[in-house]
Amino acid sequence: MSGDVSSIQLKSYEKGREKWQGETLDFVWFDEEPPENIYTEGLTRTNATSGMTLVTFTPLLGMTNVVSRFLLEKPLGTHVTTMTIDDAEHYTDDQRAAIIASYPEHERKARTQGIPQLGSGHVFPIDEDEIRCEPFAIPADWPQLAALDFGWNHPSAAVKLAWDRDSDCIYVTACHRAKQQTPVLFAGAVKPWGAWLPWAWPHDGLQHDKGSGIQLAAQYRSQGLRMLGVHAQFEDGSNGLEAGITEMLDRMQTGRLKVFAHLADWWEEFRLYHRKEGLIVKERDDILSATRYGVMMRRFAEVQNKRMDARTSQPQPMRRGDSLSWMGS
C-alpha cells in the first residue's frame with residue numbers, strides 16, 4: 001500500500017530459535033503451530049515496528065502454551081478466529097459427515113471444530129446443546145447454593161447453583177474465576193450474588209495460612225461468605241473426584257444438570273476438560289471443580305428468604321440443633 005519494496009523470508013522451525021533472532025520485522029506468519037520459544041522469538045521481531053503476528057494451524061498438539069495463550073490467557077491485543085468444517089461451504093452435508101467420520105474420534109474436535117486435541121478424550125463426552133439453556137429468572141421456591149474452589153497460582157473459582165427439586169435438575173446460573181486474588185478481593189466479587197447464600201468448599205479449605213495461621217475457609221467466612229461447617233462431601237462422608245465426575249456426567253446425560261448459555265468461562269473449561277491415559281488432567285478445571293462441590297452439597301441449598309430477618313434483611317446464623325453449623329459459629 002505504501003509503494004515501497006517489501007521482502008519476504010521463509011524460515012523453518014527445524015532450524016531452531018537462533019535462526020529467528022536479530023531481525024526487525026513488520027509481520028510474522030506462522031504456518032502450523034510453532035514451538036513456544038520460536039513463537040516468542042518471532043513475536044519479539046515485531047516489537048520495534050508494532051507489527052502483527054499471525055498463527056494459522058489445527059490444534060493437534062493439544063493445550064500447549066501457545067494455544068493456551070490465545071484460548072485461556074487472552075492477553076490484550078490478541079484475537080482468535082475459529083473456523084469449523086461448517087464454514088467450508090463447498091462441501092455438502094453428506095461430504096462433511098463423511099470427512100468427520102474418516103478421522104479417529106480423538107482427532108475430530110481438533111480437525112473439524114478447531115478445539116485442541118485432548119489426550120484420550122473429554123471427561124464429559126456430551127454435546128453442549130444437551131446441557132445448555134438460556135438464562136431465566138429463578139423461581140422463589142427453588143433452593144440455591146454457591147460453591148468455591150480455592151486457588152492462587154491457578155485461579156480461584158466460584159459458581160452459583162439453583163436446584164429444581166421437582167425435576168431434580170441443577171442449574172449453573174453464575175460463575176466467577178480470578179487468579180492471585182486474596183479472600184478480600186474474591187469474596188467482594190461474589191458477595192453480590194446474595195449474602196444469604198450457603199457456600200460449599202473443598203477439603204483444602206481446612207489448611208492454615210502460613211502467615212496468619214487462620215484456616216482458608218475461615219478467611220472467606222470473615223469476608224461475609226456463609227461457609228458451610230464441613231468441606232464438600234457426599235452424604236456418606238466420601239469426596240472422591242471420580243465419584244463427583246460420575247454424578248455430574250450422569251446428570252448431564254439424563255437432563256438433570258443445565259448451564260446458562262452466557263457463562264463463557266464455564267463453557268471454556270468444559271470444552272477443554274480431558275483425560276490423558278485414562279486419568280483426568282487436573283488443569284484449568286477450577287470452575288468445574290467448584291461445580292462438582294456444589295453438586296455434592298446440594299442438600300444444604302436454601303430458599304433465599306429462609307434465614308433472612310424481616311427487619312434487617314441480613315442473614316441469620318444457624319441455631320443450635322440445626323443439621324449443620326456454619327464456620328465459626
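Is Cys 133 buried or exposed? Cys 133 is buried, at a relative accessible area of 16%. Here are my notes on the charged pairs and the cysteines.

1. Ground rules. This is a predicted model, where local features need pLDDT of at least 70, side-chain atom pairs count only at pLDDT 80 or more, and totals for chains, interfaces and linings use all residues. Residues are numbered from 1 along each chain as its sequence is written, and side-chain values use heavy atoms, with hydrogens and water left out.

2. Cysteines. You'll find zero disulfides here, a disulfide being a pair of cysteine sulfur atoms within 2.5 Å. Cys 133 is in no disulfide, and the nearest cysteine sulfur, on Cys 169, sits 7.6 Å away. Cys 175 also counts as buried, with 19% relative accessibility. On the terms: buried is under 20% relative accessible area, exposed is over 50%, and partly exposed is in between (1.4 Å probe, protein chains only).

3. Salt bridges overall. The structure has 21 of them. The criterion is a side-chain nitrogen of Lys or Arg within 4 Å of a carboxyl oxygen of Asp or Glu.

4. Arg 132 and Asp 129. These two form a salt bridge, with 4.0 Å between the closest N and O atoms. Arg 132 is partly exposed at 26% relative accessibility, while Asp 129 is exposed at 59%.

5. Glu 302 and Arg 226. Here the side chains meet in a salt bridge at 3.6 Å, N to O. The pair ties together distant parts of the chain, 76 residues apart: Glu 302 lies in the segment after α9 (286-296), and Arg 226 in strand β9 (residues 226-227). Both ends are tucked away: Glu 302 is buried with a relative accessible area of 5%, and Arg 226 is buried with 10%. For the labels, helices (H or I, at least four residues) and strands (E, at least two) are DSSP runs, numbered from the N terminus.

6. Arg 275 and Glu 242. This salt bridge comes in at 3.0 Å, N to O. Again distant parts of the chain are linked, with Arg 275 in strand β11 (residues 274-276) and Glu 242 in helix α7 (residues 241-253), 33 residues apart. Glu 242 is partly exposed, with 38% relative accessibility.

7. A network. Which residues are linked in a network of salt bridges? They are Asp 168, Glu 247, Asp 250, Arg 251, Arg 256 and Arg 298.
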